[in-house]
Amino acid sequence: QVQLVESGGDLVQAGGSLRLSCAASGFIFKNNVMNWYRQAPGRRRELVASIGTRSSINYADAVKGRFTISRDNDKNTMYLQMNSLKPEDTADYYCNTKTWDPVSSWTDHWGQGTQVTVSS
């Protein structure tokens with residue numbers, strides 16, 4: 001089955017950096033669009049960044065110029081390099097992908113999340 005395991009979250013001061021990782025298994029990683037989402041307390045989950053199968057990339061306006069998404073298809077791993085962190089980046093960060101099969105159609109898959117806390 002599909003498994004997504006995030007790591008790398010931590011407590012960091014404003015202006016600092018973190019690198020999140022998402023280790024994927026149970027599907028053909030190189031064939032899937034991969035996404036990073038985040039959810040801050042009391043707020044809805046929001047898309048942070050996406051990377052396509054040919055490494056096309058999109059970012060939320062709030063993180064453009066500060067965050068970099070990447071993937072290593074040999075390691076079945078996606079990354080999120082976060083620089084110049086701000087207190088408003090504090091959230092649980094989730095790895096996401098969608099798979100398709102003829103019975104279930106599209107299915108969303110989520111990791112367990114990794115917590116990022118940015119102190120001012």
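Ala, Val, Leu, Ile, Met, Phe, Trp, Tyr, Cys and Pro count here as nonpolar, Asp, Glu, Lys and Arg as charged, and the others, Gly among them, as polar. On that scheme, the lining of the largest pocket divides into three nonpolar, one polar and nine charged residues. The model is predicted: local features need pLDDT of at least 70 and side-chain atom pairs count only at pLDDT 80 or more, while totals for chains, interfaces and linings use all residues. Residues are numbered from 1 along each chain as its sequence is written, and side-chain values use heavy atoms, with hydrogens and water left out.

- Strands (E, at least two residues) and helices (H or I, at least four) are DSSP runs, numbered from the N terminus.
- Five of the six residues of strand β4 (residues 34-39) are buried, so the rest of the structure largely encloses this strand; buried means under 20% relative accessible area, exposed over 50%, and partly exposed in between (1.4 Å probe, protein chains only).
- Two strands pair if DSSP finds at least two bridges between them.
- β4 pairs with strand β5 (residues 46-51) in the antiparallel sense, over five bridges.
- Within this pairing, Asn35 has Ser50 of β5 as its bridge partner, and Met34 stands opposite Ile51.
- Six residues lie between the strands in the hairpin of β4 and β5, where Gly42 takes a positive phi near 75°.
- β4 is also joined to strand β9 (residues 91-101), by six bridges and in antiparallel fashion; Tyr37 stands opposite Tyr94 there.

**Strands β5 and β6**

- Strand β6 (residues 57-59) runs antiparallel to β5, and three bridges join them.
- Ser50, the bridge partner of Asn35, stands opposite Asn58 in β6.
- The hairpin formed by β5 and β6 has five residues between the strands, and Ser55 in its turn has a positive phi of about 65°.
- Ala60 touches Leu47 and Val48, not counting residues up to four places away in sequence; contact means heavy atoms within 4.5 Å.

**Nonpolar core**

- In soluble globular proteins, nonpolar side chains tend to be buried together.
- A nonpolar core is a set of buried Ala, Val, Leu, Ile, Met, Phe, Trp, Tyr and Cys residues joined through side-chain atoms within 4.5 Å.
- The largest such core has 26 residues, and Met34, Trp36, Met78, Leu80, Met82 and Tyr93 have the most contacts inside it.
- At least two residues of this core come from each of β3 (18-25), β4, β5, β7 (67-72), β8 (77-82), β9 and β11 (114-119).
- β3 gives the most to this core, with four residues.
- Leaving out residues up to four places away in sequence, Tyr93 touches Glu6, Leu20, Trp36, Tyr37, Arg38, Val48, Phe67, Leu80, Met82, Gly113, Thr114 and Val116.

**Largest pocket**

- A pocket is found on a 1 Å grid over the protein atoms alone, as an open set of points where a 1.4 Å probe fits, with protein on both sides within 12 Å along at least five of seven lines; lining residues have an atom within 4 Å of a point.
- Grid points are joined across faces, edges and corners, and a volume is the space filled by probe spheres set on the points.
- The largest pocket holds about 220 Å³ of space.
- Its lining has 13 residues, of which Arg38, Arg43, Glu46, Ala62 and Glu88 lie nearest the centre.

- Most residues other than glycine have a negative phi.
- Ser84, in the loop between β8 and β9, has a positive phi of about 50° and is partly exposed at 41% relative accessible area.
- Ser105, in strand β10 (residues 105-110), has a positive phi near 60° and is partly exposed at 36%.

- Val2 lies in the segment before β1 (3-7).
- Apart from neighbours within four places in sequence, Val2 is in contact with Ser25, Gly26, Phe27, Thr99 and His109.
- The C-alpha atoms of Val2 and Phe27 are 6.1 Å apart, although 25 residues separate them along the chain.
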